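Here are my notes for a first look at this one. Have the model open beside you and go through the points in order.

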Amino acid sequence: MYRAKITAAAYHVPDRVVTNHDLAKVLDTSDEWIRTRTGIRERHFAARGESTSDLAAAAVKKLLKQRGIDAKEIDCIIVATVTPDMFFPSTACVLQEKIGASNAWGFDLSGACSGFLYALATGSQFVHSGAYGKVLVVGADLMTSILDPRDRNTYILFGDGAGVVLLEPTRPGERGIIDFLLRCDGSGGKYLRMPGGGSLHPASPDTIRRNMHVVHQDGRAVFKFAVQGMSDVSESILRRNHLCSSDVDLFVPHQANIRIIDASTEKLGLEQSKVVRNIDRFANTTAATIPIGLGESYEDRRLKKGDLVLLATFGAGFTSGSLLLRWTL
Ligand code: ACO
C-alpha cells in the first residue's frame with residue numbers, strides 16, 4: 001500500500017498588478033474600504049488573450065524544473081477550476097499539450113474555492129491505489145473572465161493565478177497525506193454562483209442583458225457560512241486524528257477575506273505565526289489560493305521537512321474541505 005506525498009510545489013501569477021487605488025479610479029470604492037473589509041491591497045490580473053491554461057502551464061513548467069523531471073513522466077493531470085479555457089476540451093487536455101505531457105491523461109474538476117482540495121484528495125487516491133506514480137494537481141482560475149468590472153461588491157475581491165503540486169508515492173516511513181475531509185451543501189448554491197452559460201441558461205442575448213455570465217453573490221451570507229464551515233472542517237479533521245491545534249506547524253487556509261481567515265484561526269485557537277496569509281498580494285484566486293500558499297511557503301522555506309500542515313477551504317456550492325499532511329521535502 002502506498003501513500004501520496006507532495007514532491008514539488010509551484011505557482012504563477014500574471015505580471016499585471018492592480019492595486020486598490022487603481023480600482024478606486026474606476027469604481028465607487030476606496031483603498032481603505034477594501035483593505036479593512038477584506039485585507040486585500042493588490043491582485044494580479046491576466047492580460048487580454050491570456051487563459052487559465054496559460055497560467056497553469058507557467059506554474060507547471062516551474063514545478064517540473066524544481067523537481068527535475070520531464071513532462072513525459074507525468075501520468076495524470078487534474079485541473080481544479082471554475083474558469084476553464086472553454087467547456088470542452090477540458091483545460092487538462094489543453095494543458096497536457098502545452099506542457100508536452102504526452103503520456104498523461106487528465107480531467108477538470110469543478111469545486112469552486114474547494115476545487116484544489118477536492119482534486120488533491122482525488123489525486124492522492126490514484127497514488128494510494130498504486131495506479132499512478134506522478135499526478136499533477138493544479139488549482140487555476142482566471143476570475144477576471146467572469147467578473148463584472150462595474151460591480152464593486154465582487155470585482156475588488158478576486159485575482160488571477162495558478163498553483164500546482166506533484167503527488168508521488170511515499171517512501172517507507174514517510175506519512176505524506178494523512179487524511180482529508182470533504183463536504184458539500186447544495187442548499188448554499190443560491191448565495192454564490194454564475195447563473196448563465198450552462199445547460200439551464202445557455203448564452204443568449206437575454207442572458208447577457210440580465211448579466212448572468214458573471215459572479216453573483218450575497219457576500220454577508222457567504223461570509224457567515226465560510227467562517228463556520230472552515231473552522232468546522234478544520235476542527236473535525238484534527239479531532240478524528242487525535243491532534244490539537246498546537247500540533248499544527250502551518251495552516252494554509254483558502255484566501256477569501258482576511259476576516260474569514262482570522263475568525264477561523266481564532267476559533268481553532270491557532271497561533272497567528274502559523275497561518276499563511278497572502279490575500280493582501282493576490283486577493284481571492286479561487287481554486288489557486290491554497291496551491292499558491294503552499295508554493296510560496298515552500299519557496300520561502302517557511303515549510304520544513306516534517307511539518308504538520310493543515311489545509312482548509314470553503315466556497316461556492318457550498319463546498320468545504322480540509323486535508324492534513326506531513327511535509328516531506
Ligand atoms: N467599496 C465600498 N463600499 C462597498 C463595496 C466596495 N467595494 N462593496 C460593498 N460596499 C458597501 C455596501 O454597498 C454596503 O453599503 P450600505 O451599507 O450602504 O448598503 C456596505 O459597503 C457594507 O456592505 P457589506 O456587504 O455589509 O460589507 P461586508 O463587511 O459584509 O463586506 C464582503 C463585504 C467583503 C463581500 C464580505 O461580505 C465578504 O468577504 N464575504 C465573503 C464573500 C467571499 O469571499 N466570496 C468569495 C468567494 S467564496 C469564498 O471564497 C469563501
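1. Let's start with Thr154, which is buried, at a relative accessible area of 1%. (Buried means under 20% relative accessible area, exposed over 50%, and partly exposed in between, with a 1.4 Å probe and protein chains only.) Thr154 sits in helix α6; helices (H or I, at least four residues) and strands (E, at least two) are DSSP runs, numbered from the N terminus. Its side chain makes a polar contact of 3.0 Å with the side chain of Asp151. A polar contact here is a pair of N or O atoms within 3.5 Å; within protein, one must be able to donate a hydrogen and the other to accept it, and residues adjacent in sequence count only if both atoms are side-chain atoms.

2. A word on the source: this is a predicted model, where local features need pLDDT of at least 70 and side-chain atom pairs count only at pLDDT 80 or more, while totals for chains, interfaces and linings use all residues. Residues are numbered from 1 along each chain as its sequence is written, and side-chain values use heavy atoms, with hydrogens and water left out.

3. Now look at Asn153, also placed in helix α6. Is Asn153 buried or exposed? Asn153 is exposed, with 56% relative accessible area. From Asn153 to Ile77 you go 76 residues in sequence and 34 Å in space, C-alpha to C-alpha.

4. On to the ligand. How many residues surround the ligand? There are 23, and the closest are Thr29, Arg37, Arg220, His254 and Asn257; to be near, a residue needs a heavy atom within 4 Å. The shell holds ten nonpolar, eight polar and five charged residues. (Ala, Val, Leu, Ile, Met, Phe, Trp, Tyr, Cys and Pro count as nonpolar, Asp, Glu, Lys and Arg as charged, and the others, Gly among them, as polar.) Helices α2 (31-38), α6 (152-155) and α8 (219-240) each give at least two residues to this shell, and α8 has the largest share, with four.

5. Gln217 has a polar side-chain atom 2.9 Å from a ligand nitrogen atom.

6. Finally, some backbone spots. Most residues other than glycine have a negative phi, and most peptide bonds are trans. The Phe88 to Pro89 peptide bond is cis, with omega near 0 degrees, and Pro89 is in the loop between β4 (76-80) and α4 (91-99). Gly317 to Phe318 is cis too, with omega near -5 degrees. Thr286, in the loop between α10 (279-282) and α11 (289-299), has a positive phi near 55 degrees and counts as buried at 2% relative accessibility.
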